Amino acid sequence: MRRRSLLALGALLPGAVLAQPHWLVGTWQGEIQGGSGGREGPQRVLVVRSVAADGTVTGSWSVRGESAGGDSQIKLSGETLSITTARGASVSLARSGPDTLAGQAASVGGRPRPLTMTRQR
């Protein structure tokens with residue numbers, strides 16, 4: 001009887017141990033392309049700590065080397081990520097590979113510029 005209990009417990013544990021974090025969780029870095037000075041060039045950093053079942057993302061968006069500068073709204077729908085930064089810029093990224101996000105970023109009143117981000121390991 002005791003052996004059966006241990007076997008049953010062992011069958012349950014591997015599933016818990018093997019649980020994988022959401023594919024988006026991690027640190028991503030990229031650079032906005034096509035800018036001429038200003039804030040377009042510096043690397044952007046997206047840090048994703050968790051993704052809720054409703055697509056709400058807990059994380060931060062910042063310019064590399066600067067503080068996050070306030071709360072950004074981050075939402076995931078399928079494999080498409082929408083970010084509204086604390087400064088009002090908008091970012092739209094889609095998963096384009098296991099460790100790549102590609103899309104566009106636009107400052108308030110600015111035109112969209114290409115942005116590709118890669119997961120940092």
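This is a predicted model: local features need pLDDT of at least 70, side-chain atom pairs count only at pLDDT 80 or more; totals for chains, interfaces and linings use all residues.

Colleague: With which residues is V57 in contact, leaving aside its neighbours within four places in sequence?

Modeller: V57 belongs to β3, which spans 57–63. Heavy atoms within 4.5 Å count as a contact. On that basis, V57 is in contact with L24, V48, S50, V51, I74, K75, L76 and L81.

Colleague: Which strands stand at the edges of the sheet?

Modeller: The sheet is open and has eight strands, paired antiparallel in the order β3-β2-β1-β8-β7-β6-β5-β4. Each edge strand has a single partner, so one side of it is left without a neighbour in the sheet. The strands at the edges are β3 and β4.

Colleague: What stands opposite W28 in β2?

Modeller: Strand β1 covers residues 26–32, and six bridges join β1 to β2, with the two running antiparallel. On the β8 side, β1 also has six bridges, and there Q29 stands opposite T118. For W28, the residue opposite in β2 is L46.

Colleague: Which residue in the hairpin of β2 and β3 takes a positive phi?

Modeller: Seven bridges join these two antiparallel strands, and R44 has V63 as its bridge partner in β3. Five residues lie between the strands of the hairpin, and the one with a positive phi, near 95°, is G55.

Colleague: How far apart in sequence are the parts that E79 and R95 tie together?

Modeller: E79 and R95 form a salt bridge, with their closest N and O atoms 3.4 Å apart. E79 lies in the loop between β4 and β5 and R95 in strand β6, so the pair ties together parts whose separation in sequence is 16 residues.

Colleague: Is R119 buried or exposed?

Modeller: R119 forms a salt bridge with D99, the closest N and O atoms being 2.9 Å apart. D99, R119 and R121 are linked in a network of salt bridges, where R121 is exposed at 79% relative accessible area. Buried means under 20%, and R119 has a relative accessible area of 14%, so R119 is buried.

Notes: Residues are numbered from 1 along each chain as its sequence is written. Side-chain values use heavy atoms; hydrogens and water are left out. Two strands pair if DSSP finds at least two bridges between them. Helices (H or I, at least four residues) and strands (E, at least two) are DSSP runs, numbered from the N terminus. A salt bridge is a side-chain nitrogen of Lys or Arg within 4 Å of a carboxyl oxygen of Asp or Glu. Buried means under 20% relative accessible area, exposed over 50%, partly exposed in between (1.4 Å probe, protein chains only).
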